[in-house]
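Please read it with the sequence and the model at hand.

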Amino acid sequence: MDEKKPAFEFTNGQKKIVAAGVTALALTVVAAFAAFVVWACVRVLELTSAAIVPVLLGLFLSLFFKPYYGWFRSRLRNPTLAFFAMSATVLVPAGLIVWFAGSAIVAQVSNFLAAAPTLVTKMSVWCQTNHPGWELGLRQLGAPESVLLFFTDPAAFSQDTCAQLGAAYGGSAVKVGVGIAKSMLGLLNGVIVFVFFVYFLMKPDVKGADLASHLAFCKKDTRAFLGEQVDAFCDVMVNFFQRQVLICLVEGVLYGAGFALVGVPYGFLIGFGLGVFNLVPLLGTVVFLPIAAALAFFGDGGSTFRLVGALVVWACGQVADGYCITPVIQGGKTGLGFAGVIFSFVFWGTVFHSMIGLLLAIPLSAFWLVLWRAVKKRYVRPVL
C-alpha cells in the first residue's frame, strides 16, 4: 500500500526557521535560568553577609600571611611552632611600634580632631570672602542643612550633633545594654576572624586536581580542565591580595613622608591613611587628599606654596605607583588591570549594597575572568 503523505509538509527553509526559533527559545530559557541562579546566590549572600564576612576576612588574611608562614613551616616542620614563630615576628615589632610610637599617633589623632573645627571655620571664612555665592550654590545642589551648618558654623554643628547623639543613644539603660551587646558582638566577630585565619593558614594547600577528582561523573579530561581553572583562579586571588596590601603599605609610607616633608600638619598620618585606604581603589585619594589639601592651605602656616607641594607629592606618588611600585610588586599577575579592579569594586559593591560586595569584588571578577579565558581557549576557535 502507498504511504499517505502528510497533509502539510515544511519546506527546507521553513524547517531552518523553526529550528532557529526553537534554538533561540532554548537559549533564552537557559539564560533566564542562569540569571535566576545568579540572582538567588546574590540574595543568599546578602542575607548571610554577617556570617560570611568574618570567614572571608580570615581567608584573605591567611592568603596574605601564607608565604611567610610557609617559610617558617619549611624550617620548623611543626605547624604549631611555625605559627607561634610567625606570630612572634609580627606581634613583637607591632608591639614595639605601639609602645614607642603609639602615644605620638594618638596625640596626632587627638590634636587633629581638636583642630578640625578651627580648620573648617577658616575654610568657611575663605569661601565667603572669595566666593560669596558658594552657600547658595550648595543649596541649589540640594546639600542637606547639616552639611551647610558644618561649613557655616562648626561649633553649632558640633553641639547639634552631640545633642542628636545624646537623644538617640543616651540615658536609657536598655540602650546602654544594646551598646554593650554590640561591643560583645564585635569582639565575637574578631574571635571568629582569628579562628578562621588560623584554620585557613595552617590548612594544607588544596590543588584543583584534588577537588576535581571528587567529580566522578565527569570525564577524565573534563576533570583535568576544571582542576586547571581552579588553580588559575586561586593564583589570581593570591597574587592580588598579597601584592596589593604590600603596595598600599609602601604607598602609605611614601605619601606620609612626602606630606610631612612639605610641612603638611599631621602629614604622615594623613599620607599613610591615603595609601592604606587605596586598597579599595581611589578610596584613600577621595577621602584623604582633600584633607591634606585643606591642611596644607588652611592649617598653621598654610600657604599656596605648601598646597602646591602637597599636590606635587600626590602626583609624584601616582607616577611612582604607575611606573615603578605596582609593576615591580604586582607585575600584572592578577590579569584584571587597574580599570578592571576599579570596575569590580564599583559593580559588585552596587550589586550587594554592603561590605560583602567589596570583599567579594576581586574573587568574583577573578572567577569570571578565569571562566572566560577557559571558555575562549576551549570552545572559541580563532577566525583565520
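The second largest pocket holds about 660 Å³ of space. A pocket here is an open set of points on a 1 Å grid over the protein atoms alone, where a 1.4 Å probe fits, with protein on both sides within 12 Å along at least five of seven lines; lining residues have an atom within 4 Å of a point. Grid points are joined across faces, edges and corners, and the volume is the space filled by probe spheres set on the points. The model is predicted, so local features need pLDDT of at least 70 and side-chain atom pairs count only at pLDDT 80 or more, while totals for chains, interfaces and linings use all residues. Residues are numbered from 1 along each chain as its sequence is written, and side-chain values use heavy atoms, with hydrogens and water left out.

**Lining of the second largest pocket**

- Of the 22 lining residues, F60, L61, F241, V245 and L279 are the closest to the centre of the pocket.
- Two or more lining residues come from each of α2 (49-76), α9 (220-261), α10 (267-277) and α14 (355-379).
- Helix α14 provides the largest share of the lining, six residues.
- The lining comprises 22 nonpolar, no polar and no charged residues, where Ala, Val, Leu, Ile, Met, Phe, Trp, Tyr, Cys and Pro count as nonpolar, Asp, Glu, Lys and Arg as charged, and the others, Gly among them, as polar.

**Overall make-up**

- The chain contains 14 helices and zero strands; these are DSSP runs numbered from the N terminus, with helices (H or I) of at least four residues and strands (E) of at least two.
- Of the 384 residues of the chain, 26% count as buried, a term that stands for under 20% relative accessible area, against over 50% for exposed and in between for partly exposed (1.4 Å probe, protein chains only).

**Largest nonpolar core**

- This core has 17 residues, and F259, V264, I270, L274 and L295 have the most contacts inside it.
- At least two of its residues are supplied by each of α3, α9, α10, α11 and α12 (304-329), and α11 gives the most, seven residues.
- A nonpolar core is a set of buried Ala, Val, Leu, Ile, Met, Phe, Trp, Tyr and Cys residues joined through side-chain atoms within 4.5 Å.
- In soluble globular proteins, nonpolar side chains tend to be buried together.

**Helix α11**

- The 16 residues of α11 (residues 283-298) should span 22 Å at 1.5 Å a residue, which agrees with the 23 Å between its end C-alpha atoms; the expected span is 1.5 Å times one less than the number of residues.
- A kink of about 25° lies at L289, shortly before the proline P290, the bend being the angle between axes fitted to the seven residues ending at a residue and the seven starting there.
- The buried residues of α11 are G284, T285, F288, L289, A292, A294, L295, A296 and F298.

**Helix α12**

- Helix α12 bends by about 55° at D321.
- Its buried residues are R306, G309, A310, V313, G317, D321 and I325.

**Helix α9 and the residues that follow**

- The 42 residues of α9 should span 62 Å at 1.5 Å a residue, and its end C-alpha atoms are 62 Å apart, which agrees.
- Y266 is in the loop between α9 and α10 and has a positive phi of about 55° although it is not a glycine.
- Y266 is buried, with a relative accessible area of 19%.

**Other individual residues**

- R77 is in the loop between α2 and α3 (79-130), and its phi is near 70°, a positive value in a residue other than glycine.
- R77 is exposed, with a relative accessible area of 65%.
- G70 lies in helix α2 and counts as partly exposed at 31% relative accessibility.
- The C-alpha atoms of G70 and L201 are separated by 9.0 Å, although the two residues are 131 residues apart along the chain.
- W348 lies in helix α13 (residues 337-352) and counts as buried at 10% relative accessibility.
- A distance of 6.7 Å separates the C-alpha atoms of W348 and L358, which are 10 residues apart along the chain.
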